[in-house]
Amino acid sequence: MKSVSFCFDDGFRASADSIARIFSNRGVAACFCVLAAPELAEDPFIRGARIADWAYWRETVAAGHEVAPHGYAHEHLGKISVEDAQASVQRTLDAFTRELPGFDPRQTLYHLAYLAAPAPIVQWIGEHTLGARMALGNAGRNDGAAWSRGKPVDCMTFGPPNAELRAHERLARFMGEEDGWLVLVLHGLDGEGWGTVASAALEQMLDEVLSAGVAVTTPNRFLLSLESI
Ligand SMILES: [Zn+2]
């Protein structure tokens with residue numbers, strides 16, 4: 001079955017409220033990709049916004065949404081040594097295990113900041129989690145039948161300007177001409193974060209997907225369902 005996952009990176013607090021409500025109202029789940037230590041991030045979009053805390057993410061998980069690792073402090077893992085990058089991923093997974101009840105590194109995708117990491121890190125992540133989510137050049141389309149545990153997952157994101165227009169176009173092309181599993185990465189809503197989209201545009205995209213009978217699911221649920229086939 002054709003499926004779409006919507007990931008929301010960086011953990012913007014005001015947006016998370018709207019996103020959770022928009023998805024819950026339609027009986028589906030969003031995936032929030034968040035940082036272990038956002039207060040240490042140097043990214044100006046993260047520094048300039050209110051980022052949700054662990055208590056908030058625990059409630060988000062309890063409400064049926066997915067909360068997954070997006071890094072420690074939003075480092076670019078390609079711009080530090082391989083040893084430091086591996087330590088950063090390990091620290092992130094340790095923090096998630098400590099803070100989120102039921103979190104298991106083996107049952108989560110790792111959503112890379114900047115959608116990139118050196119090959120040895122991608123491989124290491126694949127050995128410790130479901131795999132790395134990154135830009136692989138397939139415009140976010142994945143073939144579930146070709147995936148196995150540890151393999152990276154492709155995704156597509158949309159920066160300024162016109163993030164919502166281009167996200168909508170990508171979705172329309174997937175719905176009209178393609179099959180498989182599409183992984184879209186958005187950030188904040190209504191002016192918050194990098195590549196912001198209007199909540200009305202998100203609602204419209206979601207409604208179009210659902211009325212076409214396409215499944216909306218989270219990455220971990222999608223991948224774990226493949227493993228249980
Ligand atoms: Zn990010």
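The following legends describe close-up views of a predicted model. Local features need pLDDT of at least 70 and side-chain atom pairs count only at pLDDT 80 or more, while totals for chains, interfaces and linings use all residues. Residues are numbered from 1 along each chain as its sequence is written, and side-chain values use heavy atoms, with hydrogens and water left out.

**View 1. Donors of the zinc ion.** Asp10 (OD), His70 (NE2) and His74 (NE2) coordinate the zinc ion at 2.1 Å. Donors are N, O and S atoms within 2.8 Å of the metal (3.2 Å for Na, K and Ca); water is not among the atoms, so sites may look incomplete. The spacing of the donor residues in sequence is D-x59-H-x3-H. Aspartate 10 lies in the loop between strand S1 (3-9) and helix H1 (13-25), and histidine 74 lies in the loop between strand S3 (66-69) and helix H4 (82-99); this pair, 64 residues apart, links distant parts of the chain. Helices (H or I, at least four residues) and strands (E, at least two) are DSSP runs, numbered from the N terminus. Aspartate 10 and histidine 74 are both buried, where buried means under 20% relative accessible area, exposed over 50%, and partly exposed in between (1.4 Å probe, protein chains only).

View 2. Seven of the seven residues of S1 are buried. One side carries Ser3, Ser5, Cys7 and Asp9, and the other Val4, Phe6 and Phe8. In a regular strand the side chains alternate between the two faces of the sheet. Two strands pair if DSSP finds at least two bridges between them. S1 pairs with S9 in the parallel sense over six bridges, and phenylalanine 8 has leucine 186 of S9 as its bridge partner. S1 and S2 run parallel and are joined by three bridges, with cysteine 33 of S2 as the bridge partner of aspartate 9. Two bridges join S1 to strand S10 (residues 215-216), also in parallel; here serine 3 stands opposite alanine 215.

**View 3. Cysteines without a disulfide.** A disulfide is a pair of cysteine sulfur atoms within 2.5 Å, and by this rule the count is zero. The sulfur of cysteine 33 has its closest cysteine sulfur in cysteine 31, at 3.8 Å, which is too far for a bond. Cysteine 33 is buried, at a relative accessible area of 0%. Cysteine 155 is in no disulfide either, and the nearest cysteine sulfur, that of cysteine 7, is 7.1 Å away. Cysteine 155 counts as buried at 4% relative accessibility.

**View 4. The buried side of helix H3.** In H3 (residues 54-62), Trp54, Tyr56, Trp57 and Thr60 are buried. These residues are on the same side of H3 because they cover an arc of only 155° around the axis; the arc is that of the directions from the helix axis to the C-beta atoms. Exposed Glu59 and Ala62 are on the face turned away from the buried side. The cover over the buried residues includes H1, S2, S3 and H4, where contact means heavy atoms within 4.5 Å. Glycine 64, with a positive phi near 100°, follows H3.

**View 5. The buried side of helix H8.** Pro219, Asn220, Phe222 and Leu223 are buried in H8 (residues 219-227). Their arc around the axis is only 165°, so they lie on the same side of H8. Elements covering the buried residues of H8 include S1, strand S2 (31-34), S3, S4, S7 and strand S9 (181-186).
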